[in-house]
Amino acid sequence: MSDDALVPVDVIESRILTVRGHKVILDADLAELYGVTTSRLNEQVRRNARRFPADFVFRLTDQEVSDLRSHFATASSWGGRRIPPAAFTEHG
């Protein structure tokens, strides 16, 4: 892998949130880091559910989504979604 393909640490760190006491990255941010669409990432999680146990990935509640939106004072990251984002933990 070449150096230009590496994602700078500060870019990754800026996308880490704390939810339910866990450090997580939301599905849209993780998909962007991997260079795939969010729907494709979520599709693979659904198709390979055994590989994604509850301590690795969970769906945010509507309240958690609301709290994050008000915390960041924007809805642009989650606009138009039909289901709440998935949160991927560091424990996978």
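Helices here are DSSP runs of H or I with at least four residues, strands are E runs of at least two, and both are numbered from the N terminus. What you're looking at is a predicted model, where local features need pLDDT of at least 70, side-chain atom pairs count only at pLDDT 80 or more, and totals for chains, interfaces and linings use all residues. Residues are numbered from 1 along each chain as its sequence is written, and side-chain values use heavy atoms, with hydrogens and water left out.

Let's start with N42, which sits in helix α3, spanning residues 38-47. N42 has a relative accessible area of 6%, so it counts as buried (buried is under 20% relative accessible area, exposed is over 50%, and partly exposed is in between, using a 1.4 Å probe and protein chains only). Setting aside residues up to four places away in sequence, N42 touches D27, R59, R81 and A86, where contact means heavy atoms within 4.5 Å.

Now hop over to V24, in strand β2 (residues 22-26). V24 is buried because its relative accessibility is 1%. Beyond its neighbours within four places in sequence, V24 has contacts that include R15, I16, L17 and V19, plus F58, A87, F88 and T89. Check E90 too: V24 and E90 are 66 residues apart along the chain, yet their C-alpha atoms are separated by 6.6 Å.

Last stop is S66, found in helix α4, which covers residues 62-72. Is S66 buried or partly exposed? With 38% relative accessibility, S66 counts as partly exposed. From S66 to P84 is 18 residues in sequence and 10.0 Å in space, C-alpha to C-alpha.
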